Amino acid sequence: MKIDLLTINSNGTLAIIQNIDDIGNFGSPSYIQGVTGMSLETADLNGDTNIDIVTDDGYVLIGDGAGNFSFGTSFPVGAGSFEIRTGDLDLDGDIDIVVSNSNDDTLSVLLNNGSAVFSSFAILETSNEPMGIRLADLDADGDLDILVANEFGVGSNGNINIFENLGNTPPLGDLNGDGCVDGSDLAFLLSTWGECPRPPATCLADIDGNGIVNGADLATLLSTWTPDCAGGPAPNPGEFASAPTLTENGGTNSSLEVEEEITQSSNAYQVPWMLTYFGFTSVQSYVDWVCGQSDEELISHIQEMIQLILGE
């Protein structure tokens, strides 16, 4: 896959520099007039599999997959917009936006309607002069939280604001959204067994997203089996609350990076009772075993599993 280059210029243009071969040679830039900003992000914003562009000044450029872009619907931002980041903040399957506004000390959170049209969802107050943003799941609850580096100026000490996404992700096997992984989810998965239809976004039982509902998805569902849970739909993600501010006394903060944890937790994952019944000591060992079974063996296993569920 060839990697192309994009840059926003101070003269109000966006330059597109296409990679013309596989060894890093680039052609002459082409320009889109009337685009301003300090930063940009690329993502499929409207679900057509083509790369689109957004800038921190609120510009949306829709790609056709051949390197051509047309202006989409712009979105509102605050004063002194500096950096833009994209991610699925509300877990509805499309790409949302966060922009830092350095002049009014806020973050703009904008949600996508699925067609690359963004509406203002929240204005989050930050410390002085927010600059660099990163989105990451800091509390391991399945949704994206927001970090922003603040204070950009000579002699200033920076800090980092953290905004926790209050939404919770339902268990991976909860296909009907009732908060439990139970027989109704199992029945739904088995009823859609095989290759997914198009578009694949409608294939809810394809938990691992590989385009096929198969043993790996079944294994994931069983690994989160909770038929006796309290139930109830998971809260809608996208609501944010301030977490403790981190002080960083090394000077100014204009950028921010997030890395994976270097040391791994020693807390052991509790293997669901259904897997221990079949003699498995970990979810991964069960996934590996299921993926190695023939269709006949898998059918026999499913029948035994259903008998176990009905008899519990």
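1. In this predicted model, four strands form an open sheet in the order E4-E5-E6-E7, with antiparallel pairing. Strands here are DSSP runs of E, at least two residues long, and helices are runs of H or I, at least four residues, numbered from the N terminus. Two strands pair if DSSP finds at least two bridges between them.

2. Strand E4 (40-43) and strand E7 (69-71) are the edges; each has a single partner strand, so one side of each has no neighbour in the sheet. From one strand to the next, the twist averages 25 degrees (axes are lines fitted to C-alpha atoms, with angles from 0 to 180 degrees between N-to-C directions).

3. Strand E5 (residues 52-55) pairs with strand E6 (residues 60-63) in the antiparallel sense over two bridges. Ile53 is opposite Leu61 in E6.

4. The largest nonpolar core has 20 residues, and Leu189, Leu218, Leu221, Leu222 and Met305 touch the most other members. Such a core is a set of buried Ala, Val, Leu, Ile, Met, Phe, Trp, Tyr and Cys residues joined through side-chain atoms within 4.5 Å; buried means under 20% relative accessible area (1.4 Å probe, protein chains only). Helices H1 (183-191), H2 (215-223), H4 (283-291) and H5 (295-311) each give two or more residues to this core. H2 gives the largest share, four residues.

5. Leu218 touches (heavy atoms within 4.5 Å) Leu186, Leu189, Trp193, Leu298, Ile302 and Met305, leaving aside residues up to four places away in sequence. Another core, of 13 residues, lies apart from the largest one and includes Val98, Leu111, Leu124 and Leu135.

6. Residues are numbered from 1 along each chain as its sequence is written, and side-chain values use heavy atoms, without hydrogens or water. Local features need pLDDT of at least 70 and side-chain atom pairs count only at pLDDT 80 or more, while totals for chains, interfaces and linings use all residues.

How values were computed
Buried < 20%, exposed > 50% of the residue type's maximum accessible area, 1.4 Å probe, protein only.
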